[in-house]
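Trainee: I've just opened this one and could use a guided tour. Could we go through how to read its features, step by step?

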Number of protein chains: 2
Amino acid sequence: MTNVVIIGSGNVATHLIKAFNSNNKTNVIQLFNRKGISLEGIPATDNYNNLLPADLYLIAVSDDAIGEVSRNLPFKGRLVAHTSGSVALDELSPENRSGVFYPLQTFSENREVDFSEIPLCIEAEKEEDAVLLTNMANNISRQVYPVNSEQRRSLHLAAVFVNNFVNHLYAIGNTICREHELPFDLLKPLIAETARKIKTMSPEDAQTGPAKRNDQTTIQKHLARLNEDSLQKEIYKLLTKSIREKS
Amino acid sequence: MTNVVIIGSGNVATHLIKAFNSNNKTNVIQLFNRKGISLEGIPATDNYNNLLPADLYLIAVSDDAIGEVSRNLPFKGRLVAHTSGSVALDELSPENRSGVFYPLQTFSENREVDFSEIPLCIEAEKEEDAVLLTNMANNISRQVYPVNSEQRRSLHLAAVFVNNFVNHLYAIGNTICREHELPFDLLKPLIAETARKIKTMSPEDAQTGPAKRNDQTTIQKHLARLNEDSLQKEIYKLLTKSIREKS
């Protein structure tokens, strides 16, 4: 049984606590957060000096606080891992053995997630720590990958494209619908199918539309509908150009 | 029972034929295509003069051929509808009564679609034809909307953002993964969750990420990873700017 202390009280921390708690292979023995709030019946502290001995201290706080939290830990030589996509392994304090346990998913407060489907990216300074983190990951997910800091940074960048930027294109679709008194629901089946398609096709094979076909008639009709100097128009032009260059 | 002739042999025509054939309320009596190829046991012709009398002639051919096909029909005063998102009602020949029967979905050759979930956008010159098209649509879909030509054009533009452009962002994610020897599979659960989220949240509420948080440290790290003068870098900057302006 692996004993873990989880530091942080945000969405990632909360979902990880629930995931570990749902099987009996990883024992979350203590939580640390600024208010000392207990969750899922696990005792909590707000005092670094009260931290219990554990096999792993998992830091699930905002990216810019990870380094500081790791330097605040009042012990040496123990395994300390963070859960961030964009923070390198060596940003953790060198006083302890460092590791990464990065769940590649977007977490929202009120949405349940099926952790078994979430890719977990593992990295550790020492081989035996990589084994411990990998075993813990295998207990809650079917998708566990060794990913080094350099790769993880790229993965985080790719995630911004397929998650944050994609969602913003949904928002533009929503704006266009609203402006023309159309319900956004009209677009939802198309959005679902577009995402479903790439489960079995490469995005390159799945690409369709006027840019791919170089259908200038439709492209010009679309551009004429977008306000001059609007960001929507710039986005339309730039993404069309980018699809053309890949075609 | 409504008798229909379907003109065209592409993905939209094929999927419509199957959808109508799967219930016994719409009778597809004949197909027209250049090679006179029969599908699903329905007789076909390649000769306009052999077209049977019908309640509706449904033109499911490429956008730039719709006008010409409608002008080739050797009769007058009958109901003729097209299935395109970007062609106006009045681009059909005025010799017949015109209508639109636009399924808002992306169709691929080898993918089954559940037509009951596909929004059908209906428009007609005459009220009684709108009723006929709406009834036909209700027989195969649970989502039927009256959408005029002006709205349909905007809808088609919105669809390019949430389908073609979104898929291109998936392709960029795939490229970044490949360049760093990471499997694209790592991103698939994130892609699925991003699409799932907006079933119940508005895209504005679902927006997360460094641009939304104005996390300049992460934004600068990401920009530093993208090649100078690359389109990926331009896209990153432009979409970040657009998210900031909406925030």
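**Where the two chains meet**

Mentor: Chain A and chain B bury about 8,700 Å² between them, 67% of it on carbon and sulfur atoms. Buried area here is the accessible area (1.4 Å probe) that two parts lose on being put together, summed over both. One caution: this is a predicted model, where local features need pLDDT of at least 70 and side-chain atom pairs count only at pLDDT 80 or more, while totals for chains, interfaces and linings use all residues. Residues are numbered from 1 along each chain as its sequence is written, chains are lettered from A in the order in which they are written, and side-chain values use heavy atoms, with hydrogens and water left out.

Trainee: How many residues of chain A and chain B are in contact?

Mentor: Taking contact as heavy atoms within 4.5 Å, 88 residues of chain A touch 88 residues of chain B. And 100% of the interface residues of chain A are also interface residues in chain B, so the copies meet through the same surface.

Trainee: What rotation superposes chain A on chain B?

Mentor: Copies are superposed by least squares on the C-alpha atoms of residues with pLDDT of at least 70 in both. Here a rotation of 180 degrees does it, with 0.0 Å of shift along its axis and an RMSD of 0.0 Å. That is the relation of a two-fold axis. In chain A, the residue that comes closest to the rotation axis is A:Val166, at 2.8 Å (C-alpha).

Trainee: How many salt bridges does the rule find across the interface?

Mentor: The rule asks for a side-chain nitrogen of Lys or Arg within 4 Å of a carboxyl oxygen of Asp or Glu. Across the interface of chain A and chain B, that gives six. In one salt bridge, B:Glu91 pairs with A:Lys221, with the closest N and O atoms 3.8 Å apart. For A:Glu150 and B:Arg225, the closest N and O atoms are 2.9 Å apart. A:Glu150 lies in helix H4 of chain A and B:Arg225 in helix H8 (residues 216–225) of chain B, so this pair joins two chains. Helices are DSSP runs (H or I, at least four residues), and strands are too (E, at least two), numbered from the N terminus.

Trainee: And how do I read aromatic pairs?

Mentor: A pair of aromatic rings is described by the distance of the centres and the angle of the planes. Rings of Phe, Tyr and Trp (its six-membered ring) pair if their centres lie within 6.5 Å; planes under 30 degrees apart count as stacked, over 60 as edge-to-face and the rest as tilted. The whole structure has 14 such pairs over all chains. With ring centres 6.0 Å apart and planes at 45 degrees, B:Phe20 and B:Phe101 form a tilted pair.
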